[in-house]
Amino acid sequence: MGIPTVLATCLYTVATRVGANRIVRGGRFHHPFGAPEKPQAEEYVWRRKFVEQTMHALCTPVQQPTVFDVEDAVLV
Amino acid sequence: MADVLRVVHYLNAFFGGVGGEAEAHTPVSVHPGALGPGRLLEQALAGQGQVVATLMCGDGYFADQEEAVVEHVQAHWQTLKPDVFIAGPAFRSGRYGLACGRLCLEAERLKIPAVTGMHVENPGSDLYRPEHLYIIATEASAVGMRPALERMAALAIKRGRCQPIGTAAEEGFLSRAVRRTVHTGTPAAIRAVDMALKKWRGEPYISELTVETFEVIPPAPPLSDPSKALVALVTEAGLVRKGNPDRLPAAAATHWASYHVGGMDRLVAGEWDAVHGGYDNTAALQDPNRVVPLDALRELERDGVIGKLLDDVFVTVGNMGSLNAMKRIGAEIAAMLVQRGVQAVVLPAT
């Protein structure tokens, strides 16, 4: 019985190929939980939403590598 | 003419001619000259090498007493002083393949060039190819004995004489997780477009690199009640305490570290460094929470969305990490997490 783990990355294709089962995509690869283009307060709101999405992924049953999106994620 | 190479050959008891029930439990023995298929091997060596001795061991005995067998074989190598060690071929026989792989690895460690042979699906292949061993691809059964021995002999001679070795396809060995840079004379952009055109036209093409396949990990069941869960942060982004006290490297990490974040509401810029060599760390240094979102997870903790955040974060550097090292690091961190009752992990990756 494993520990549910969610990988937060923007390189979701690599993550699915490697076999990570819960993947949340967002941010850019050099700051997965960051959105420095936004003003600080807005960036924090975005980060909180992203982290909530990681919790959602952890609470969701999956059968295989599954990608969860964060709203208005920007893909690199 | 060059010196005749001294070859020591390893066989399991079945191929050594010990039959029946005794076969699997035969302890290690040494015999002068070639035994069983070793005679075919000697023919294939065509005077370039001579099988000076054959080591034989039952596969069951090896499985039960691996370390003792290794020690015995090492002692025999000391006495016999082989120029090359040849094991098998094991075809699809799993325990035999594992024995051949292990012994070749030990030989290489003692700087004795080693060659073995087995079918690609032999478990010994999966386990020992990443150790960069030379494993000739054989057919599934001893029907393929002669071609296997011929290729093994040819490769063994090259290795014994330190001659240049061709690609896996040329020499017939299984890909050994080694990448060599070769100048082709044609720039990569042109080769890429040529390959794309062939693919588009439905013509055959050969990929220069093949994509590795990864083992399937069954997903862990989901958290039923996050408000009671102990959540941990693990990252490969190389976020470390300023000064990198555990000396995590910028690439090819072989270890990990953990950092105490108890009592911290957020990661404070200036207290952390980002040493992963594969990404621009400007944004991370300005605000480390952009990589390890301690601030947001603490807020979830305060709001009761999660039960508790573990007081330590686990860190390594995933830049150009070898699969084997990363597997080991993952297993070690996972053991720590299990010990501490962690129920879920958030893993930022760069």
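What percentage of contacts in chain B between residues at least 6 apart in sequence join residues at least 24 apart? The value is 74%, with a contact meaning C-beta atoms, placed from the backbone, within 7 Å.

This is a predicted model, in which local features need pLDDT of at least 70 and side-chain atom pairs count only at pLDDT 80 or more, while totals for chains, interfaces and linings use all residues. Residues are numbered from 1 along each chain as its sequence is written, and chains are lettered from A and ligands numbered from 1 in the order in which they are written.

**View 1. A sheet with strands from chains A and B.** Seven strands line up as E3(A)-E2(A)-E1(A)-E12(B)-E7(B)-E11(B)-E9(B), an open sheet with mixed pairing. Strands are DSSP runs of E, at least two residues, and helices are runs of H or I, at least four, numbered from the N terminus; pairing needs at least two DSSP bridges. E3 (66-69) of chain A and E9 (257-260) of chain B each have a single partner strand, so one side of each lacks a neighbour in the sheet.

**View 2. The pairing of E9(B) with E11(B).** Here, E9(B) and E11 (residues 308-315) of chain B run antiparallel over four bridges. Look for B:Ser258 opposite B:Phe314.

**View 3. Buried residues of H10(B).** B:Leu294, B:Asp295, B:Ala296, B:Leu297 and B:Leu300 are buried in this helix, meaning that 20 or more other C-beta atoms, placed from the backbone, lie within 10 Å of a residue's own. The buried residues of H10(B) pack against helix H2 (40-58) of chain A, along with E7, E11 and E12 of chain B. After H10(B) comes B:Gly304, with a positive phi near 80°.

Note on methods
Two residues are in contact if their C-beta atoms, placed from the backbone, lie within 7 Å. A residue is buried if 20 or more other C-beta atoms lie within 10 Å of its own, exposed if 12 or fewer, and partly exposed in between; C-beta atoms are placed from the backbone.
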